[in-house]
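User: Could you walk me through this one? I would like to go from the overall make-up to a few local details.

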Amino acid sequence: MKAQAMKVFGVPGTLASLLVLMAPTAALATEGQSSTSVASVSEQINELTRPAIIVTANPALIAALNGISPEQTYDTDRLTSYVVSTVGEAIDKIAAKDGDEQPVLLVNGQPVQSRSAIENYPTEAISHIDVLPRGSAERIGGAPNQRAYNIVLRSQMTSVTATFGHNLATEGHWNGDSGEVLLTRIRDGDRFNLSLRAHYSGLLREADRGIIQPQQDQPYDPTGNIIPALGAVAIDPRLSALVGFPVSIAAVPANNLHPSLVDFSAGGGLANTTDLGRYRSLLQASRNYVGSLAWTKQLASWFAASLSGNLEWGDSHGLAGLPSALLLISADNINTPFSRDVLLARSDLAHPLQNRSHSIGGSLFLNFDANLGKWHANLGGHYESRIVEYRNDIVQSPAFPGFIILDMRRNPFDPSLGSLIPVSIDLSRSRTSRYEAHANIDGPLFSLPAGDVRVRASVVAGHGTLTPSGSFGGTLLSRTDVTEQMGITIPITNKQKAFSPLGDLELSFDIARTELTDEASLDRYSWAVGWQLRPWLRINGGFNRTRNPVDLGILAAPARVYQNVRTYDPVRNETVDVTYSTGGNRGLKPETDDVYRVALSITPLPHYDLQLQAAYTDRRSRDQVGVVSTASAAEMAAFPDRFIRDASGQLIQVDGRPANFASLQEKALRYSVSFVIPFYHRSIPSDPSVRVGGENTNPAFVDLPRPRLEVNFAHTIFLESTAVLVSSLSRIDLLHDGAIDPAGGSRRHLINGVISFTDRGSGIRLTGAWQSPTTLFVSTSTTSQLHFEALADFDLTVFTSTQRLFPGSSWVRNGRISITVTNIANARQRVVDAQGVTPLAYQPAYLNAVGRAVMFELRKTF
């Protein structure tokens, strides 16, 4: 065919001009370049090449999905605009765009039992990704509302891909680094991938973001402050006489081992203070290293084996303030200038409290897949193990009367006195492991006029253990589970076989039962209807009831204690530092989730990949497992034994272990639109020796990637969101005045959008999100409320291929440079009370510590 001239599809002149400015190379498409030199054409072809890559035709889908056409196809050019590096990242971006939670994955038309078998392959390995209609996954054992994504790989490829990224906050004081190396080899059905990743995130302190500290219950300070003891009003009558008024607090003079009353009189009525924000972390420092392996071997045309696994290591550490205590200085102490007993409020600057964690773990998956005619079978298993350890510094509370009695010979003004404050380490360790084997089979049972009736069956047997240990001890918990599932798909009409005016209509039913050791069995069932009335119009709906056993990690996690946790108390409308405990709760009951869903998908203009979607979801949960928090007075009233106050009524301790919430209900409507506008199309000869300006002796042409504008928009409206925490209390309206999360109630409106422009490996991508405001009545008083204002957040990514930056250098081929600015406007959630004041626990930096950040990333494929 002949090269086509540029064709603009109805784009306004102003927008077209802006796009030309954004991508100067758009001029390549004009007729005036028909005299381009052979070298220029060759350069354009070379820019498209990748190491050892050959594209082949689409492999056939598994028989269970025959007859289902993809709603969307993402080729390599379209995936370029998503600025992703791996298959897993591409899946996540597509799923976020379509509102898919967990799509079922296929590779070259065959289901994969574990995402780890494919997620770490580089995007260069992708020929294209087909997104099948919602509900299609049920044919291969998925849920009624799940989609299936078919990832079609290139047939031949060998590459090494290296990526390095550096992230930093524009407000300073924080940065992060990440690195990745991927080794990939694909030979038709045989493939191998090895990935190595490292990630580092720096420590960010509260002082780095100007966090205002709440008033302490005692005037603790590294230098120290003197206060009266044993109910006295003043420290010392002689000191009050020197100052001229009763002195109830006096700052300890700095750098003075033997201060006199005269020295204290200078600080009479004043207190030493220190910014505790320097010793408290907003973000913990962390390191994480992951190595992953995925291998697939086509043993026969109908039989394949796959092996995948990973090893992970990580640690983190943060700061939790300074150890503090009251020390009683006796009037008989040889170093005291006071005539009566006094208390010294002291903290230890040399040993800030730390919270540390360490984890190591791994997993291994083995699967065998067989296609026997129209039947497909899978047999496999996996093993995973993980050890997690937490070490938290805890200040031991002195025995009655609540302070440390200082030896009469010890100098109370010695700078090393802080070492007397008793600090211990709260150790918490858990080791979890799980063995699992599974088998499933699906195929046609018999035929109807509209097609084959397909059945599926699966069995999963597993055994898991969790061994807790540490400062509070723990008891091993183990569980064996066996899940049997059966399903059937019945075609009712078929546009090519029976009742063709009605399109394609099918019904699906699935039932499952999980048997547990020493527990009642859990039943699940679902039904779904899929109706493709026209090639561009599809409707599906269904119901799904799930009852899953509570995870062992939630049931039996070892107890952990954190001190100085900043918390908002809605009952007293104040911010306090509490002792927060967490761990497992073996009394939890399994959750029951009922989900009704109906969805509509319209794809009227395939040339523009125009897709209109709408989905209505009604979710009802019973015995929902959630974390108990101080979100509202209603939640505190529902679990009164979880909150402890002192004699004055101040909140001092919170038990945050998970609990069952009686019921939750949520109704939501989500609609979205997405489309792609190709601005022009251009082809060039596949043989560079062809004289471009003259007669064409070789009719073979290669299509250049064309500049394109892609737009995605989604709006979710929550019609209802309610919760009943315990059956004896009234329902909480999470959309109007209630909350079960410290981050506030449910937002009525959530809007997400993306607009991107790409041209031959370069482009710009703008992502935005907006959530509507919400108001929370934190206590029974209608004037005690928190208002969470609306929040808009925008991210911008600019990227280009390295060869376009350095066109004469061969060593920069197959590279990409990107710069991403997250939270462009440095927007943070603003929370105010009825008087317009922000509670200290809701300071913006608590809700978004980093703020605006800039990430530089360099990626190169060899």
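Analyst: What follows is a short talk through a predicted model, from the whole chain down to single residues.

User: How many helices and strands does the chain have?

Analyst: The chain has 10 helices and 44 strands. Of its 862 residues, 50% count as buried, and the chain exposes about 38,500 Å², with carbon and sulfur atoms supplying 59% of that area.

User: And what share of the contacts between residues at least 6 apart joins residues at least 24 apart?

Analyst: That share is 71%, counted among contacts in the chain between residues at least 6 apart in sequence.

User: Ok, strands then. How do strand 7 and strand 8 pair?

Analyst: Strand 7, residues 175-187, and strand 8, residues 190-201, pair in the antiparallel sense over 12 bridges. Their hairpin has two residues between the strands, and Asp188 in that hairpin takes a positive phi near 55°. Strand 8 also pairs with strand 13, residues 285-300, again in the antiparallel sense, over 11 bridges.

User: Which residues are the bridge partners of Leu196?

Analyst: Leu196, which is placed in strand 8, is the bridge partner of Val181, and in strand 13 the bridge partner of Leu196 is Gly291.

User: Is Leu196 buried, exposed or partly exposed, and what patch does it belong to?

Analyst: Leu196 counts as partly exposed because its relative accessibility is 49%, which lies between the cut-offs of 20% and 50%. It belongs to a nonpolar patch on the surface, together with Val160, Val181, Leu183, Leu194, Leu293 and Phe862, and the patch has about 550 Å² of accessible area. Strand 7 and strand 8 each supply at least two residues of that patch.

User: Switching to charges: how many salt bridges are there?

Analyst: A search of the whole structure finds 44 salt bridges. In one of them Arg429 pairs with Glu389, with the closest N and O atoms 2.7 Å apart. This pair links distant parts of the chain, since Arg429 is in strand 20, residues 423-448, and Glu389 is in strand 18, residues 375-395, 40 residues apart.

User: Are those two buried or partly exposed?

Analyst: Arg429 counts as partly exposed at 30% relative accessibility, whereas Glu389 counts as buried at 17%.

User: What about Asp442 and Arg454?

Analyst: Asp442 and Arg454 form a salt bridge with their closest N and O atoms 3.4 Å apart. Asp442 lies in strand 20 and Arg454 in strand 21, residues 451-470, so the pair ties together parts that are 12 residues apart in sequence. Asp442 is buried, with a relative accessible area of 6%, and Arg454 is buried as well, at 9%.

User: Where is Asp623, and what is its phi?

Analyst: Asp623 is found in strand 29, residues 611-627, and has a positive phi of about 55° although it is not a glycine. As background, most residues other than glycine have a negative phi. Asn573 also has a positive phi of about 55° without being a glycine, and its place is in the loop between strand 26 and strand 27.

User: Last one, helix 4: what span does it reach?

Analyst: Helix 4, residues 87-98, has 12 residues and reaches 17 Å from its first C-alpha to its last, close to the 16 Å expected at 1.5 Å a residue. Its buried residues include Val87, Ile91 and Ile94, and just after the helix Gly99 takes a positive phi of about 75°.

Terms used:
Residues are numbered from 1 along each chain as its sequence is written. This is a predicted model: local features need pLDDT of at least 70, side-chain atom pairs count only at pLDDT 80 or more; totals for chains, interfaces and linings use all residues. Side-chain values use heavy atoms; hydrogens and water are left out. Two strands pair if DSSP finds at least two bridges between them. Helices (H or I, at least four residues) and strands (E, at least two) are DSSP runs, numbered from the N terminus. Buried means under 20% relative accessible area, exposed over 50%, partly exposed in between (1.4 Å probe, protein chains only). Contact means heavy atoms within 4.5 Å. Accessible areas come from the Shrake-Rupley method with a 1.4 Å probe; for residues, only the protein chains shown count as cover. The expected span of a helix is 1.5 Å times one less than its number of residues. Patches are made of residues with over 30% relative accessible area and no salt bridge: like charges are joined within 9 Å, nonpolar side chains (Val, Leu, Ile, Met, Phe, Trp, Tyr) within 5 Å. A salt bridge is a side-chain nitrogen of Lys or Arg within 4 Å of a carboxyl oxygen of Asp or Glu.
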